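Colleague: Hi! I'm new to this one, could you walk me through it?
Modeller: Happy to, let's bring it up.

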Amino acid sequence: MTAPLAFYFNWNTIPDELHPRVIREFLDHGIEDLVFINPVMESVLANPSRKDFYLGLAERMGVRFIGMHSPYGKTFDLSLIEPDRKPLMIQDHVKALETCAEFGSKTYTMHLGTYPYAAQNVKLEQLREHIVEALEKLLPEAERLGVVIAIENGFSANDSAEELLYYINHFNHPYLGVCYDTGHAHIVTPYPWKKREKYHPHVINNWIEPAFQECPNSIDLLQPHIVTCHIHDNSGYADQHGMPFDGTLPWEDLMPKLFNCPRMLEYQTEVSYTEGKIWCGEALSNRGGYSINHHVQVFRKLGFSW
Amino acid sequence: MTAPLCYNYPWHALPDSLYPRVAREYLDYGVDTFVFSDPLIKACIADPERLSFLRCFTRRMGVKFVATHSPFGSTYDLNIPEAERRPVMLKDHVRAMAISAEFGAKTYTMHVGAYHHCTKHIPVQDLRPNAIASLEYLLPYAEKLGIVIAVENSFEPTNSAKEVYDLVKQFDSSPAIGVCYDTGHAHFMAPYPWKKREKYASYQNNSWWENGIIEEANALETLQDYVVTTHIHDNTGYSDLHSMPFDGTIDWDELMPKLFNCPRILEHQTEINFSDGSGWAGQALAPTGGYSIKSQVETFRKLGFN
């Protein structure tokens, strides 16, 4: 396994003056690669001085911010349908891709986006047209900048493994790949122990026509195209972003496959440090949230080394 | 060695929302005991809500804040001469000791005071009676609360090891008097064959304005029988850097057995400055970004604490 592992941290929840202290905590574990999370990317798009802050921080502390996640949601997703917002959305993503290149990130993870399907009744076929149109504009920029756009699997009808494969096959482009999200895939995987009534509403409600469909083999379908991955765990019923081994994901089955993705460029942890009640239920973390120490030890246990 | 080690951390510099996160970082190393620092205790005296916050936080996270450092400086030290300030100062210390006792602290470290001699040039002998009077007032309260007032050795004429020894010895009959042995301060004052007087920080020359710097050997041997708590940190020998042990020039192999054998020791304390770069005491020895919790815990384990 040679692709680096970038560690997630919710930088947007700490004051600027604490960033070096947290980075030192990671550095003392031998970690130099950190995920450039989407709130940070959003802040950079809104205020260019934030980019200077993070560039300066990376240089001073000798770390890299990679594994970039695009801003997402109804104003940023590839499936956006509003004609007034579309050109601005594309412009924002181009700026974000330029930021990726500047920081040395090889991938830029994007959401296809469920909002128009789940909330605006846009049919899947129509959604595909919007997504294709957006990717047609973005892929040349990605290629120019040397950054691979990684479309992420979710747990909705429009970002299933099969939907992702539609776009991969449609474009067959060296700068389009997949971000394999372990937690999202686990939610839609059928297991003998699963009870459908236990799925969190946010899962069921994102399937309208067709109704909720499980997918037993997301990793096998997507493996040839995976360029980055989001690694986290959950109960199988909700998107909890728990630490591996705190949920029900069978890591011993999954990790050999993740370590053998032929196009893999960057791995990413995507563990939420939050404790207590979260948007999709109860977090799996300890009181006080997860520690950096625990985070590092768990990913060593998964088989990563650095 | 049975006295617990209390870890210092700059809690006062954290937003409240991050307290649980930092506590979890320590808890995952098996550390649950912290120094009740002077900014924290000052905040608790001034604002009942801070006290309430700390009570909830310690209960919720299962941690302890013990080994209190009293507020210090020109308005709080034992030897302050201002007649109108002294009653207020003493009342604040009584309140701080009561809070400390509530949290389970066994010791309450106090400074004799440097400001009025070093800056206002009041002779040492004129300030001594103030320190004595302060202790005469405070010791009955300390006895009642079950707390030991630990007078700390420092690096100015008013609080050398000999001055501290002479002061505490006068209160031999009280079980509530003791010494806080500060490793860094003693090292700063100690004569070594390799020391060059011209390398002392300028503030040291300013403090010893009357007769020049008078070095002091064997501070621990002088104070050992009274040592109830310790401040453990390192420096170059020339300034009060509060660095991590092994980053400065203290001979820890020689010192630690003696510290572990202080007959009255109740609580040990780390007293590291986590910051990097330039500070009031000079250039910090910490790496870029400052010290991590990981390095603090591992260093003190290496010193022999478990």
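**A first walk through the model**

Colleague: Where is B:Val22?
Modeller: B:Val22 sits in helix α1 of chain B; helices here are DSSP runs of H or I with at least four residues, and strands are runs of E with at least two, numbered from the N terminus. This is a predicted model, where local features need pLDDT of at least 70, side-chain atom pairs count only at pLDDT 80 or more, and totals for chains, interfaces and linings use all residues. Residues are numbered from 1 along each chain as its sequence is written, while chains are lettered from A and ligands numbered from 1 in the order in which they are written.

Colleague: Is B:Val22 buried or exposed?
Modeller: B:Val22 counts as buried because it has 21 C-beta neighbours inside 10 Å. The cut-offs are 20 or more other C-beta atoms within 10 Å for buried, 12 or fewer for exposed, and partly exposed in between, with C-beta atoms placed from the backbone.

Colleague: And what does B:Val22 touch?
Modeller: Leaving out residues up to four places away in sequence, B:Val22 touches B:Tyr9 and B:Leu14. Contact means C-beta atoms, placed from the backbone, within 7 Å. The C-alpha atoms of B:Val22 and B:Tyr9 are separated by 9.2 Å, and these two residues are 13 apart along the chain.

Colleague: Switching to the chains: how many residues of chain B are in contact with chain A?
Modeller: On chain B, 21 residues are in contact with 21 residues of chain A. On the chain B side, α1 (19–27), α3 (48–61) and α12 (293–302) each give two or more residues. The largest share, six residues, comes from α1(B).

Colleague: What about B:His121, buried or exposed?
Modeller: B:His121 counts as exposed, because it has 9 C-beta neighbours inside 10 Å. B:His121 lies in the loop between α5 (115–118) and α6 (124–145) of chain B. Although B:His121 is not a glycine, it has a positive phi of about 60°.

Colleague: Which other residue has a positive phi of about 60° although it is not a glycine?
Modeller: B:Asn218 has one too. B:Asn218 is in the loop between α9 (202–207) and α10 (219–223) of chain B. Most residues other than glycine have a negative phi, and most peptide bonds are trans.

Colleague: Which peptide bond is cis, then?
Modeller: The one from A:Glu209 to A:Pro210, with omega near 10°. A:Pro210 is in the loop between α9 (201–204) and α10 (218–222) of chain A.

Definitions and conventions
Two residues are in contact if their C-beta atoms, placed from the backbone, lie within 7 Å.
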